[in-house]
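Me: I've got a structure on screen and I'd like to talk through how it's put together. Can we go over it in questions and answers?

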Amino acid sequence: MNLHLLASIFFILLFFTMGLLMMNNTAELNSYLGYRTKSARKNQDTWDEANRYAGKCLMFCGILMIILLLLIDYFYEDYNIIFDALIVFILISLTITLYKTESRLRHVFFRDGKRKPNR
């Protein structure tokens with residue numbers, strides 16, 4: 001293993017840890033760590049649901065990123081590509097997390113932040 005890969009895995013583990021903290025933390029609505037969009041900050045219920053769901057997405061993306069980086073390390077000799085791939089993977093993961101979480105909030109809550117009845 002090379003130093004670039006170990007540094008990348010360290011950053012991905014921080015990404016995973018942030019997802020774990022978001023998923024398990026039932027912090028106040030205006031805390032510093034959390035999924036902070038307009039739809040997530042409507043009330044405490046939307047805040048909790050958004051952080052739980054976004055945390056799960058970040059954890060899943062972190063595991064997937066480690067697997068992909070290990071595959072890149074195995075198949076490519078160029079070590080500089082690992083940092084480039086890490087940046088691309090993080091941007092894609094954050095975009096997917098944002099899209100999936102907002103979709104989840106629209107599915108579970110009305111626009112005013114009240115929970116939709118189970119169907």
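Me: Before anything else, which pLDDT is needed for local features, and which for side-chain atom pairs?
Reply: This is a predicted model, with totals for chains, interfaces and linings using all residues, while local features need pLDDT of at least 70 and side-chain atom pairs count only at pLDDT 80 or more. Residues are numbered from 1 along each chain as its sequence is written, and side-chain values use heavy atoms, with hydrogens and water left out.

Me: What pattern does the chain follow along the sequence?
Reply: Helices (H or I, at least four residues) and strands (E, at least two) are DSSP runs, numbered from the N terminus. On that basis the chain has 3 helices and 0 strands. Its C-alpha atoms fill a box of roughly 55 × 25 × 20 Å along the principal axes. Read in sequence order, the pattern is α-α-α.

Me: How are H1 and H2 oriented to each other, roughly parallel or roughly antiparallel?
Reply: Axes are lines fitted to C-alpha atoms, for helices over the stretch in contact, and angles run from 0 to 180 degrees between N-to-C directions. Helix H1 (residues 3–24) packs against H2 at about 165°, the axes being 7 Å apart. Angles under 35 degrees count as roughly parallel, over 145 as roughly antiparallel, 65 to 115 as roughly perpendicular and the rest as oblique. H1 and H2 are therefore roughly antiparallel.

Me: And what about H1 and H3, roughly parallel or roughly antiparallel?
Reply: Here the packing angle is about 15°, with the axes of H1 and H3 9 Å apart. That makes the two helices roughly parallel.

Me: Which hand does the crossing of H1 and H3 have, left or right?
Reply: A crossing is left-handed if the near helix is turned anticlockwise from the far one by less than a right angle, and right-handed if clockwise. H1 passes H2 in a left-handed crossing. For H1 and H3, the crossing is right-handed.

Me: How far apart in sequence are Asp-45 and Arg-115?
Reply: A salt bridge is a side-chain nitrogen of Lys or Arg within 4 Å of a carboxyl oxygen of Asp or Glu, and the whole structure has 4 of them. Asp-45 and Arg-115 form one, with their closest N and O atoms 2.9 Å apart. Asp-45 lies in helix H2 and Arg-115 in the segment after helix H3 (80–108), so the pair ties together parts whose separation in sequence is 70 residues.

Me: Is Glu-49 buried or exposed?
Reply: Buried means under 20% relative accessible area, exposed over 50%, partly exposed in between (1.4 Å probe, protein chains only). Asp-45 at 33% is partly exposed, and so is Arg-115 at 40%. Glu-49 has a relative accessibility of 8%, so Glu-49 counts as buried.

Me: How much accessible area does the nonpolar surface patch have together?
Reply: Patches are made of residues with over 30% relative accessible area and no salt bridge: like charges are joined within 9 Å, nonpolar side chains (Val, Leu, Ile, Met, Phe, Trp, Tyr) within 5 Å. Members of this one include Phe-60, Ile-63, Leu-64 and Tyr-76; Phe-60 is exposed at 55%, while Ile-63 is partly exposed at 46%. Accessible areas come from the Shrake-Rupley method with a 1.4 Å probe, and for residues only the protein chains shown count as cover. Together the patch has about 970 Å².

Me: How far apart in space are Thr-17 and Met-59, C-alpha to C-alpha?
Reply: Thr-17 is in helix H1 and is partly exposed, at 38% relative accessible area. Along the sequence, Thr-17 and Met-59 are 42 residues apart. In space, their C-alpha atoms are separated by 7.5 Å.
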